[in-house]
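Hello,

Here is the structure I promised to hand over. Please open it first, then read my notes below.

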Amino acid sequence: MDPRRAPESATSPEALAEENARLRRICAALIERVESGGMPHAGPYGAFEHSVLLAEQVRERTETLQRTLAALERSRAEAEAANLSKTRFLAAVSHDLLQPLNAARLFASALEGHRLPDESHRLVGSINRSLKDVETLIGSLVDISRLDAGVLRPDVTSFPAEELLGVLAEEYRQVATSRGLELRHVPSRAVITSDLALLARVVRNFLSNAIRYTRHGRILLGCRRRGDWLEILVGDTGPGIEPAQQRVIFDEFHRLEASGEEDDRGLGLGLAIVERIAGMLGHPLALASRPGQGSLFSVRVPCGTEQVNHQSVAHEAPGPLAGANVWVIDNDADIRDGMEALLGGWGCRVASAASPQGLQGPPQVLLVDYHLGEGQPDGLAVAGRLCRRFPGLPVVVITANHDAALKAHIREEGYACLHKPLKPLRLRVLLGNLLEAQRPRRSAR
């Protein structure tokens, strides 16, 4: 057959009829395929309608989900803003509260140094303990708020372990003795790397709890090497802790029964704060305890190698303060009066004012508040001018601000830093060491 004639035959009525039948069979098969894949007992249009309905439902649910996610994001942002606002509010309120509290503790500590009748001395001691409880409560609220908001930043440096442990041992030995307990401290020559103020918060809580829950016996403060770590331990001969309680005591607002009703104070935030601080610093905590056999709390701190400068607080017997010329610059008159009473009781010659103008020198030590009031230069600026005027002048900057950047700045300037409310023993040790470090310089002149 001639191929050129094929198109003609393909267009014949018979061929067209055959092709039409074939296409009908294909169409019927496709319809059957669509109907078998659609809803039962529904035709092609029903399947199409069902698909459109599903697409509409998917679109509506997607829009609803997007609106929900947007609302959740707005709520999260509002919650974070409220939390940050709460943190700033608590920080501001705590600063205002710490000012009169600091002055009150200075006055109470000055009174304790005077010869008083036994009853008066007991009352002064009670006032001091009550003020310390207020300080602890305010500090706990501010700390937990700052930790939750993530605004607390550690200021990690290397320092001798005794710079912390020696001072705490002296401070809590007096408290333990008043409770009829013996506090033993094993000194260490190790150098550790941590945030001194935050680590002090951890060890203070261990010591406070050990004294609070121990009726009789002794408290141990010591440390031991664990490879590249130093493990700081606080042990007691108290009642111990039941195994079921050993985890929940780190929960917020959880308190065990103290050794006496007079000790049932606080919010139950201490160990919750300890756990968060330790987690932030990367310092593992441990607890070993048996009911009736006491407890042993510990924290592991990495060992360091760097030595601190001469203005750090070392655990040495403080040098004599009698006759030392100390300048106190603070814009709060009550704090100036309290510092004069406290330092005067130690034998210092104190000159205090809101600014350096009019103070007679030369001073041997400068104690300056960081916040000197609106429109006034801060304590670092004042200290810088006085150090240019009196080269080699030891400076202690006092502040209620725990910001890590500020502490680092103070340290870079070569100054010591103490936080409000001042702890008299720590201040006395620091002053003694600073004056002792100045004696070789004066002898060489």
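**Cavities**

The lining of the largest cavity is made of eight nonpolar residues, one polar residue and two charged ones. Keep in mind that this is a predicted model. The volume of this largest cavity is about 60 Å³. The structure has two cavities of 30 Å³ or more.

Which residues line the largest cavity? They are Asn102, Val328, Ile329, Asp330, Ile335, Met339, Leu367, Val368, Asp369, Ile398 and Leu422. Three elements each give at least two residues to this lining: S8, helix H9 (333-345) and strand S10 (365-369). S10 has the largest share, with three residues.

**Aromatic pairs**

Two aromatic pairs turn up in the whole structure. In one of them, the ring centres of Trp327 and Phe390 are 5.7 Å apart. Their planes meet at 85 degrees, so this pair is edge-to-face. Trp327 belongs to strand S8 (residues 325-329). Phe390 sits in the loop between helix H10 (379-389) and strand S11 (395-399). The pair therefore ties together parts that are 63 residues apart in sequence. Both Trp327 and Phe390 are buried.

**Cysteines**

Cys303 is partly exposed, at 23% relative accessibility. Cys417 is partly exposed too, with a relative accessible area of 23%.

Best wishes

Key: Residues numbered from 1 in each chain as written. Predicted model: local features only at pLDDT ≥ 70, side-chain atom pairs only at ≥ 80, totals over all residues. Heavy atoms only, no water. Buried < 20%, exposed > 50% of the residue type's maximum accessible area, 1.4 Å probe, protein only. Phe/Tyr/Trp six-rings, centres within 6.5 Å; stacked < 30°, edge-to-face > 60°. Helix = DSSP H or I, 4+ residues; strand = E, 2+ residues; numbered from the N terminus. 1 Å grid on protein atoms, 1.4 Å probe; cavity = no way out; pocket = protein on both sides within 12 Å on 5 of 7 lines; lining within 4 Å. Points joined across faces, edges and corners; volume = space filled by probe spheres on them. Nonpolar A, V, L, I, M, F, W, Y, C, P; charged D, E, K, R; others polar.
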